[in-house]
Amino acid sequence: MWLQEAQGFVMGQLTSNVTESATDLKSRIKRMPIVGQAFQWLSRTSRPLRIRLAQFNSSTYWDSRYANGGNSGNGSFGDLARFKAGIINDFVAENQIDSVIEFGCGDGNQLALSKYPRYIGIDVSPTALQRCRHLFRGDATKKFLRYGEPDANALRADLVLSLDVIYHLVEDDIYEKYMQDVFEAATRFVIVYSDNEEAPRDMLHVRHRKFSNWIGQNQPDWHLIRHIPNKFPWEEGTERGSFADFWIYEKGH
Ligand SMILES: C[S@@+](CC[C@H](N)C(=O)[O-])C[C@H]1O[C@@H](n2cnc3c(N)ncnc32)[C@H](O)[C@@H]1O
């Protein structure tokens with residue numbers, strides 16, 4: 001519905017304002033809230049969606065997003081970041097967690113709110129890792145490694161985090177490997193912050209998955225001990241909030 005509205009709005013602007021150059025009009029529409037995002041999405045999807053879906057590479061997407069000045073997304077700022085940090089920091093303290101590994105640590109905005117005794121952040125994006133190393137220089141409790149590098153494969157921790165990552169793993173083989181790696185690295189707990197439903201792929205870099213099915217089928221030693229709904233749920237239309245919840249798993253419980 002919003003797509004049709006945006007399409008209609010853009011077409012209306014194009015036909016009503018004949019004196020404005022196409023370039024000026026395009027940049028004016030791009031700057032408009034909501035409509036601008038929809039317009040950019042429409043322009044990007046002008047190539048057949050089928051081809052774009054097949055060519056999309058999540059690692060390349062994230063590194064170029066960071067290299068072009070982008071960040072880890074709305075979920076790592078403001079209310080959402082504080083909500084995430086509050087839940088995880090309390091959990092770490094209550095369960096005497098000594099070591100934490102995060103798969104998909106991002107640019108460090110979320111991490112800046114953390115209180116962990118020892119932490120290793122792993123990411124596919126060299127640019128994000130560079131930012132983290134710079135941001136936390138002098139903090140000997142934090143280390144950052146590239147996902148897939150030999151040193152990262154053998155790491156183990158009491159708690160492994162996957163925050164706002166699973167629904168970005170659009171390729172099946174990458175999703176499968178990521179899930180295996182997350183559970184292999186955890187000795188006591190895994191905290192996932194994601195949605196947990198299959199849903200149509202409405203953006204190139206988002207694929208909604210019912211990851212709990214994968215855990216049930218592939219990790220029989222792991223059990224869901226808590227589901228914490230988001231304090232700031234996704235608001236259709238305003239694009240505020242998040243569709244992710246907390247899902248806390250314990251080994252052998
Ligand atoms: C939305 S950001 C979330 C960052 C951070 N976890 C947070 O909550 O602020 C997603 C991150 O996952 C990383 N990522 C994507 N695919 C990955 C993969 N297969 N393995 C590890 N990290 C990945 C991206 O580079 C990006 O930094």
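## Strand β5

Strand β5 (residues 186-194) is mostly covered, with seven of its nine residues buried. A residue is buried if 20 or more other C-beta atoms lie within 10 Å of its own, exposed if 12 or fewer, and partly exposed in between, with C-beta atoms placed from the backbone. Strands (E, at least two residues) and helices (H or I, at least four) are DSSP runs, numbered from the N terminus.

This is a predicted model, in which local features need pLDDT of at least 70 and side-chain atom pairs count only at pLDDT 80 or more, while totals for chains, interfaces and linings use all residues. Residues are numbered from 1 along each chain as its sequence is written.

## Partners of β5

Two strands pair if DSSP finds at least two bridges between them. Strand β4 (residues 157-163) pairs with β5 in the parallel sense over six bridges. Leu159 has Phe189 of β5 as its bridge partner, and Leu163 has Tyr193 of β5. Tyr193 also has a bridge partner in β7, Phe246. The pairing of β5 with strand β7 (residues 245-251) is antiparallel, over six bridges.

Helix α9 (residues 172-185) forms a right-handed β-α-β unit with β4 and β5. Right-handed means that, with the strands pointing away from the viewer, the path from the first strand over the helix to the second runs clockwise.

## The sheet

Seven strands form an open sheet with mixed pairing, in the order β3-β2-β1-β4-β5-β7-β6. β3 (142-146) and β6 (222-228) are at the edges and each has a single partner strand, so one side of each lacks a neighbour in the sheet. From one strand to the next, the twist averages 20 degrees.

## Two helices in contact

The axes of helix α5 (residues 58-67) and helix α7 (residues 126-135) come within 7 Å and cross at roughly 50 degrees. Axes are lines fitted to C-alpha atoms, for helices over the stretch in contact, and angles run from 0 to 180 degrees between N-to-C directions. Asp63, Tyr66 and Ala67 of α5 and Pro126, Thr127 and Ala128 of α7 make the contact.

## The whole protein

The protein has 10 helices and seven strands. Of its 253 residues, 28% are buried. Among contacts (C-beta atoms, placed from the backbone, within 7 Å) with a separation of 6 or more, 65% join residues 24 or more positions apart.

Technical notes: Two residues are in contact if their C-beta atoms, placed from the backbone, lie within 7 Å.
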